[in-house]
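Thanks for coming. I will go through one structure today, and I will keep to a few places in it. Please have a look at it first.

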Amino acid sequence: HMARGLSLAPLVELDLAQNSLGPGGVKLLCESVGGALERLDVSGNRCGAIGAQAAARVASVRHLKCAANSIGDEGFAAFGEAAFGSLRILDVRDNEATARGALGLSKGFDANRTLTALDLRGNLISLEGLWCLGAAVRRRKRRHRTEERRRAADFNALPAEDRWRVVADAQGWTKQDFLDLERGDESARRRKDALHVPDRYVPSARFLDVHFFGLPVRPRPLFNRCF
């Protein structure tokens, strides 16, 4: 009954940790949540890989806790296949995952630019798994750094008149605003002077770092190969 009402309820946060929902319950729950849900906690529900696969597909969630659910390597791979959706924080502590699960999880970084925190405490991913994840994050940072610089170069290569029109369009100028400016309207001119280059054209100071919890990185060589 609760799952049927969730699609209609404007919930932003839902905590159902430490219940006995099981794989089917978590799957039904995740398939029923509304688009406003941002934070979801289904820790300790023994949902297994099936529940993890359903949780990975909840598009609206930004902060997901899926700890102590025995999702294993298959559940980790499900989050990787979904490229972490829109998640910014993912907690998958104590889930019996190994380095192979970390490898599957690392593949999610190939198409992701939202995740900033990943809690892996209590899993057995070893140094091989840590290397997989670290290498994937480095690739993501390098790829998006190159992409941002290319966009900035494309913007700077535009004629000055086209550059300010691109900026104006990004900040909601209407056709009437442009006409007012062409007629010499003083308020429109002041608005033009106050425009800022959109973020997508400006290289960001931080290139998509990810904070890992529970995995101390010691000053020792990591394995160059995982399997």
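Which residue just after α4 takes a positive phi? That is Ala83, and its phi is about 55°. Before going further, please keep in mind that this is a predicted model.

Now the overall picture. The protein chain has 9 helices and 6 strands. Of its 227 residues, 41% are buried. If you take the contacts with a separation of 6 or more, 76% of them come from residues 24 or more positions apart. The chain exposes about 12,600 Å², and carbon and sulfur atoms supply 52% of that area.

Back to α4, which covers residues 72–81. Its buried residues are Gly72, Gly75, Phe76, Ala78, Phe79 and Gly80. What do they pack against? The partners are α3, β3, β4 and α5. An α-helix has 3.6 residues a turn, so residues three or four places apart point the same way.

Let us take one of those partners, α3, which is residues 48–56. The axes of α3 and α4 are 8 Å apart, and the angle between them is about 10°. Angles under 35 degrees count as roughly parallel, and α3 and α4 are therefore roughly parallel to each other. On the α3 side, the contact is made by Ala49, Ala52, Gln53, Ala55 and Ala56. On the α4 side, Glu74, Gly75, Ala78 and Phe79 take part. Sorted by class, this contact has 6 nonpolar, 2 polar and 1 charged residues.

Next, the loop between β3 and α4, where Asn69 sits. Is Asn69 buried or exposed? Its relative accessibility is 0%, so Asn69 counts as buried. The side chain of Asn69 has two polar partners to look at here. One is the backbone oxygen of Val42, which the side chain reaches at 2.9 Å. The other is the backbone nitrogen of Arg46, which lies 2.9 Å from a polar side-chain atom of Asn69. Beyond its neighbours within four places in sequence, Asn69 is in contact with several residues, including Ser43, Gly44, Cys47, Asp94 and Asn95.

Last stop: Arg189, in helix α9, residues 186–193. Arg189 has a relative accessible area of 36%, so this residue is partly exposed. Phe178 is 11 residues away from Arg189 along the chain, and their C-alpha atoms are separated by 9.8 Å.

That is the end of the tour.

Conventions: Residues numbered from 1 in each chain as written. Predicted model: local features only at pLDDT ≥ 70, side-chain atom pairs only at ≥ 80, totals over all residues. Heavy atoms only, no water. Helix = DSSP H or I, 4+ residues; strand = E, 2+ residues; numbered from the N terminus. Buried < 20%, exposed > 50% of the residue type's maximum accessible area, 1.4 Å probe, protein only. Polar contact = N/O pair within 3.5 Å; in protein donor to acceptor, adjacent residues only side chain to side chain. Contact = heavy atoms within 4.5 Å. Axes fitted to C-alpha atoms, helices over the stretch in contact; angles between N-to-C directions. Parallel < 35°, antiparallel > 145°, perpendicular 65-115°, else oblique. Nonpolar A, V, L, I, M, F, W, Y, C, P; charged D, E, K, R; others polar. Areas by Shrake-Rupley, 256 points an atom, 1.4 Å probe, with all protein chains shown as cover.
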